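Open the model in your viewer and keep the selection panel to hand. The stops below can be taken in order.

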Amino acid sequence: MYNNPLIKDPYQQLDDYIDGLPYKKENLITILHHAQELFGYLPDKVQWHIAQKLDIPSAKVYGVVSFYSFFTMKPRGQHVANVCMGTACFVRGSEKLQQEIESQLGIKTGQTTEDQLFSLDSVRCIGACGLAPVMTVDGKVHGRLDNAEDVKQALAKYRPETMREA
Amino acid sequence: MKLKDTTALNTLKAQSLALLENRRVTNPITTPDAQGKPRHIMVCGGTGCHASDSPEIAKHLKEELDQRGLSDQVEVLQTGCFGFCEKGPILEIHPDNVLYVDVSTMDVVDIVEEHFIQGKRLERLLYIDPDTEKRFASDLPFYHNQLRIALRNCSYIAPEEIREYIAADGYQALAKVLFKMTPSSVIEEIKKSGLRGRGGGGFPTGVKWELTGQGEAKQRYIICNADEGDPGAFMDRSILEGDPHSVLEAMLIAGSAIGAAHGFIYIRAEYPLAIHRLQIAINQAREYGLLGEGILGSDFCFDVEIKYGAGAFVCGEETALIHSIEGARGEPSVKPPFPAQQGLWGKPTCVNNVETFANIPPIILRGAEWFSSIGTEKSKGTKVFALAGKVNNVGLVEVPMGTTLRQIIFDIGGGIKHHKIFKAAQTGGPSGGCIPTKYLDTPIDYESLISIGSMMGSGGLIVMDDSDCMVNIAKFFLEFTVDESCGRCTACRVGTKRLHEILTKITEGKGTLDDLDSLEKLSKIIKDTSLCGLGQSAPNPILSTLEYFRDEYLAHIVDKSCPAGVCKSLLKYKITDKCKGCTLCTKHCPANCITGSVKEPHIIDEDRCLKCGACMEKCRFGAIIRH
């Protein structure tokens, strides 16, 4: 996807971004956020690149990446579904919801579907407790998913065949 | 347009007052242009309503009003959270004083037609009290016992417009602090008010400011802790989304009192809308000269920067948060030195929570005496609770300290969903405990919650009914702490995992009575030997459920049954003689463990049963029971 001459090399974009920051090492987390936006995930190569650029040990970069759950070292699917595992959703059946989504997508939480369309993860409370149990897909909240049909309909919106129709 | 001095601020306020003139005025609905001024439709833009397409509703309303030629008479605005999330999306019309609930994009045409063209209320969108079946257009029972101080502007002003905040007395407290008060008198005022940290610890805010301001230092920092990690709490998010300027103003006040020139807002990256509104607010404040150099013509300089969290619960702990801002792993460090002495980059740092900050401007404007007249002896003011779970009115509730759980859950929250029976209320998130029925009438404050084995925490309040298994709830919280333990202290890293394993064993029906002793013993060790609040409070969900719901643990261990019918391994499905032999269940059983001939009662082979419940869901005669 980066062979397109019109799209700037993401490493170059990342370097430009880092060069524009007043402080470098102190902004490691901000830089990682930006890098994850550019690459979709943070593989070893990107972590190594950042370590070199900031002149810090790559172990430090890895230490930070592996500490925070927001960062991922595995590539993600085109759409990322997150089941809310906050307490409010939990008491309104988020465990069941998670199992339902897992069975519909045929993957476990933390995995990506074979066609790279969906990744499934869990998240701690997104503050939409009134709609519990909820799932977000690419940041959009889908609430009151009380049965299999609700889940099916919510996921269908992200499948290419329905997106084309829309 | 930089505001050069207080006079400029007051002139702008006078000019902006017109923006709010229409609001909070009780006025019977008459004709569309009764007052000759545009009417306002305030569409809730809080998290819940936003997720239920409230921006779409606002867009459709604008288009429809435009088509009907009403766009110069009616203005559509997006606000922060109304608090009544259960009935979202919500919108309120001023000055008519009408609140519509459960609005969808399909209702837009009707609202414009009936409310604005025909000039009558759209009855079907009014709130109906489920008990009395009375319709309410305003003054809903949900708001009766509430006192909104921290949430004062949420749903009242449009958060993306600084002039609305200024019209609502915004930045007046800052002007008072800069020109009429000294730093020490500001700190004294906050101390006198009795305000305590709303993030969970309950440390007196004024004392924290005083400690940070002491001694010689070239640089000091103010940090706003918006890393709201407690699952089930969303008040900080709502304040930032609904009234971001109040937090900026409070940070400025803290900065001037302590002698800091730089502030950071550490916010979860999972809160994109809050970040967006905060960034707008910061840009506007800079544009009006309320952030930057020579604020309002004084010699005070202050600026604010947003820092993103990256999903680590422990970063809510102040030393861990500081390490995270410094770009490191968010592990807590030993106190002392406290951040007030050596914080961010070794400089004195004051870390306050969002809700704490939101209380500051009203305290400065109305005085410490007013604030301390609200609440209990040791806990002053109000507290925002995120009321959720099995309660009818899920939402954000702000009540004076000392309000009882019964008032919050039954009077404001409208009681338990589906007329079930109240079992427990969980406060304080993963650090808190479960409060049983016998303490429903305890006035809530920092001390009383601790004395009954829970804590205030950031204000999550999850209501549970008799279909919730308390052992499973304890397990849920332990799973959370196992995930979120940063790994630094062995007691917390290994201990929480062992606790979780024992709980799993119990929920699977493999527990023994010795396990209860191990749980208690291990819990005490973890509490005593962990470095930070996360580990010290991680066993609380277990200890409180063991104390108040011991019989449920015993049922799991001795009777091998789960009274709430939640723990799968302990459930048994049985077909009663109501069975007509329709064979529907056999077709849906994934384990093929139901046998029987047509028109004869069927039988479940318990050894092979997966306990999925598919047969019970499908049975049309209610012949399958779970016990």
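Predicted model: local features only at pLDDT ≥ 70, side-chain atom pairs only at ≥ 80, totals over all residues.

**Stop 1: the domains of chain B**

Colour chain B by domain: domain 1 covers 27-137, domain 2 covers 183-372, domain 3 covers 382-465, domain 4 covers 470-557 and domain 5 covers 572-626. Now keep domain 1 and domain 2 of chain B; their centres, taken over C-alpha atoms, are separated by 35 Å. Where they touch, domain 1 of chain B gives six residues and domain 2 of chain B gives seven. On the domain 1 side of that contact there are five polar residues, one nonpolar and no charged.

**Stop 2: a helix pair**

Select residues 235-242 of chain B, helix α10, and residues 354-366 of chain B, helix α14. Their axes come within 8 Å and cross at roughly 45 degrees, which makes α10(B) oblique to α14(B).

Show side chains at the crossing. From α10(B) come B:M235, B:D236, B:I239 and B:L240, and they meet B:V354, B:E355 and B:A358 of α14(B). By class, this contact holds five nonpolar residues, two charged and no polar.

How many of the residues of α10(B) are buried? Eight of its eight are, so the helix is mostly covered, a residue being counted as buried when 20 or more other C-beta atoms lie within 10 Å of its own. The buried set includes the charged residues B:D236, B:R237 and B:E241.

**Stop 3: B:I90**

Go to the loop between β2 (74-79) and β3 (91-94) of chain B and pick B:I90. Is B:I90 buried or exposed? B:I90 has 30 other C-beta atoms within 10 Å, and therefore is buried.

Next, select what B:I90 touches, leaving out residues up to four places away in sequence: B:C44, B:C49, B:F82, B:F84, B:L99, B:Y100, B:V101 and B:V103. Then draw a C-alpha to C-alpha distance from B:I90 to B:L125; it reads 9.6 Å, for two residues 35 apart in sequence.

**Stop 4: the side facing chain A**

Bring chain A back into view. Here 38 residues of chain B are in contact with 33 residues of chain A. On the chain B side, the elements that give two or more residues are α2 (47-51), β11 (382-389) and β15 (460-465). Colour that side by class to find 17 nonpolar, 14 polar and seven charged residues.

Note on methods
Residues numbered from 1 in each chain as written. Chains lettered and ligands numbered in written order. Contact = placed C-beta atoms within 7 Å. Helix = DSSP H or I, 4+ residues; strand = E, 2+ residues; numbered from the N terminus. Axes fitted to C-alpha atoms, helices over the stretch in contact; angles between N-to-C directions. Parallel < 35°, antiparallel > 145°, perpendicular 65-115°, else oblique. Buried ≥ 20, exposed ≤ 12 C-beta atoms within 10 Å, placed from the backbone. Domains from an automatic or database assignment.
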